Amino acid sequence: MIAAQLPALQVVMPLLAAPLCVVIRRTAPAWSLALVVTWACLAVSIALLIQVLDGGTISYEIGGWAAPWGIEYRVDLASAFVLVIVSAIGSVVMPFARVSVVREVAPDRIYLFYTMYLLCLTGLLGIAITGDAFNLFVFLEISSLSSYVLISLGRDRRALTAAYRYLIMGTIGATFYIIGVGMMYMMTGTLNIADLATLIPAVADTRTIQVALAFLTVGVSLKLALFPLHLWLPNAYAFAPSVVTAFLAATATKVAVYVLVRIYFTVFGAVQLLETMPVRGVLLGLALVGMFAASAVAIFQNDVKRMLAYSSVAQVGYMVLGISFATVTGLTGGLVHLFNHALMKCALFMAMGCIVLRIGSVHIRDLDGLGKRMPLTMAAFVVGGLSLIGLPLTVGFVSKWYLVQAALEQDWWPVALLVMLSSLLAVAYVWRIVEAAYFRPVPAGAPAVQEAPVSMLLPMWLLAGACVYFGIDATRTLEVATNAALFLLEGVR
Amino acid sequence: MELPGLFTYWIVVVLMMTGFYVVIAQGNLVKKVVGLNIFQVSVFVFYISMSKVKGGTAPILEDGIEVYANPLPHVLILTAIVVGIATTALGLALVVRIRETYGTVEEDEINAREREP
């Protein structure tokens, strides 16, 4: 029965396809294989989501070893939601990649690009699906190591130093994570997340567990680029090939946010962590500072990819803000923003990919009059930008609406006010690009520029369209996110 | 009192902080990778120490062996060592390419060169 094996297939398919790409070596077949596998992954994750919606949590024992001794794959609503986000972005980026990669990656390395892309996808899907804390570390490292390679493939030489810096910071983050897992293992003797959740309350007051929590929080925060641990992110996103940025910006930090949610609401769910320990204040404070500081820095960036990278740091702030509320509305806002931000950021970075393809630069001075020269690309950019601001009828509005509501529920009206104020900063940096593209004349003597090819426009507009579609009719996404939030908070309430 | 028993944990702390300090303070990219290795090794020692059971032997299935160390952390650390090697190899490979393009492995010189147009 194939339906019962879906959790294993989800991870094994891209894992096996990755070395096949190395064997194939030729660009076109490697791309075709990656395309087929990523779309198959999307199909599997949607099937899993439907199974979970119908029949509740799925538990899959790898190799037939019973949990908590064996490794368990556990698909509940939260993980199924993240699986769909990751595999949807992974598959939509693929058709876009074919042309863009040829432009931005050295020709003899393209097959390696697809190998690393599939490995990265494996790691990210694995993090979301696994129910074992140590297995999660292994997948974390699979995705991280491959993303270092992906970033270093950028043509700019600064891509190398950016990848190196990310490697150092990422490894410290992952090592902090296993220190935390080790300490939890010391106290409970188990690595299974569901098992940990039942055993932690008895030992929650020990210093070992508190130190473990600190290590886990800092380690995962490094990965999700929570301000002020975001220093690796801007350069990594700015100098990586556009496809890589589009993929990582939409998935890597989101999966790390998911890990944080797992630790706080599943592993430490029964302890009411956010109420009993001073974690909430720290998260809330850092999220708010991040929203403003990163947005403010973004306004002054002249490299548009770097600008969007700083905006990503700010947007991670919104997600962490949602977590820090620890209420259904707040967590729903945070989770739905995972999905929404993945859509908009991927579309925005794809627009950057189109611009790099045709113009070769994303410096703001090169964008003059681009609204006339590449109308479809810039229009998609505007849609993504409006979502980033949180204008009604776009997805950004839905998430911010929920975050503001969650803040008002708890009478934290200054927080609600700050969420809205920070959107104004987004207006400032998005406006800079709109102004350059639409209100400045095409520079005299500029070479004629073609619109991007259909294979790139189509995925970009698919995501931009989804930004509007899920902004107008958010019932489906909100239903899943609300139920996932309820499910996660069952431990808390 | 507890010092001999906790000796390995003190080693863990010292190694961890040494490695962490080297990663932060060193400007040489190769030395940073070395620091990262020391940092990771401290975690390996940490896992191995906690699996030790007082009076226990190696976990081998044999007559007469009843008290033995917990083998699971050993296995976990085998995996972590593999991950560590992969990270080191990738880090050093990046350093080689940085050296090829920038002509140096010193962080301040690289920063100076990045600021040039």
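**Note on the predicted model of chains A and B**

1. The place to begin is B:Ile98, which sits in helix H3 of chain B, a helix that covers residues 71–102. The model is a predicted one, and every value below should be read with that in mind.

2. Is B:Ile98 buried or exposed? B:Ile98 has a relative accessible area of 0% and is therefore buried, the cut-off for that label being under 20%. Leaving out residues up to four places away in sequence, B:Ile98 touches A:Leu160, A:Thr161 and A:Tyr164 of chain A, together with B:Leu29, B:Gly103, B:Thr104 and B:Ile110 of chain B. B:Val30 is 68 residues from B:Ile98 in sequence, while the two C-alpha atoms are 11 Å apart in space.

3. With A:Arg157, A:Leu160 and A:Tyr164 supply 23% of the area that chain A buries against chain B, which is more than any other three residues supply. The contact as a whole draws 30 residues from chain A and 36 residues from chain B, and the area buried between the two chains is about 3,100 Å², with carbon and sulfur atoms giving 77% of that area.

4. Turning to chain A as a whole, the model gives this chain 20 helices and two strands. Its radius of gyration is 21 Å, close to the 23 Å that the globule rule gives for 493 residues, so chain A is as compact as a globular protein of that length. Along the principal axes, the C-alpha atoms of chain A fill a box of roughly 75 × 55 × 40 Å.

5. Of the 493 residues of chain A, 64% count as buried. When contacts in chain A between residues at least 6 apart in sequence are considered, 80% of them join residues at least 24 apart.

6. The accessible surface of chain A comes to about 16,400 Å², and carbon and sulfur atoms account for 68% of that surface. As for charge, chain A carries 27 positive and 22 negative side chains, and the centres of these two sets lie 14 Å apart.

7. A residue of chain A that may be examined in the same way is A:Thr253, which lies in helix H10, residues 242–267. A:Thr253 has a relative accessibility of 3% and so counts as buried. Apart from neighbours within four places in sequence, A:Thr253 is in contact with A:Lys223, A:Leu224, A:Ala225, A:Leu233, A:Tyr237, A:Leu248 and A:Val316.

Definitions and conventions:
Residues are numbered from 1 along each chain as its sequence is written. Chains are lettered from A and ligands numbered from 1 in the order in which they are written. This is a predicted model: local features need pLDDT of at least 70, side-chain atom pairs count only at pLDDT 80 or more; totals for chains, interfaces and linings use all residues. Side-chain values use heavy atoms; hydrogens and water are left out. Helices (H or I, at least four residues) and strands (E, at least two) are DSSP runs, numbered from the N terminus. The radius of gyration is taken over C-alpha atoms; the globule rule is 2.2 Å times the number of residues to the power 0.38. Buried means under 20% relative accessible area, exposed over 50%, partly exposed in between (1.4 Å probe, protein chains only). Contact means heavy atoms within 4.5 Å. Accessible areas come from the Shrake-Rupley method with a 1.4 Å probe; for residues, only the protein chains shown count as cover. Lys and Arg count as positive and Asp and Glu as negative; His and the chain ends are not counted. The place of a charge is taken as NZ of Lys, CZ of Arg, CG of Asp or CD of Glu. Buried area is the accessible area (1.4 Å probe) that two parts lose on being put together, summed over both.
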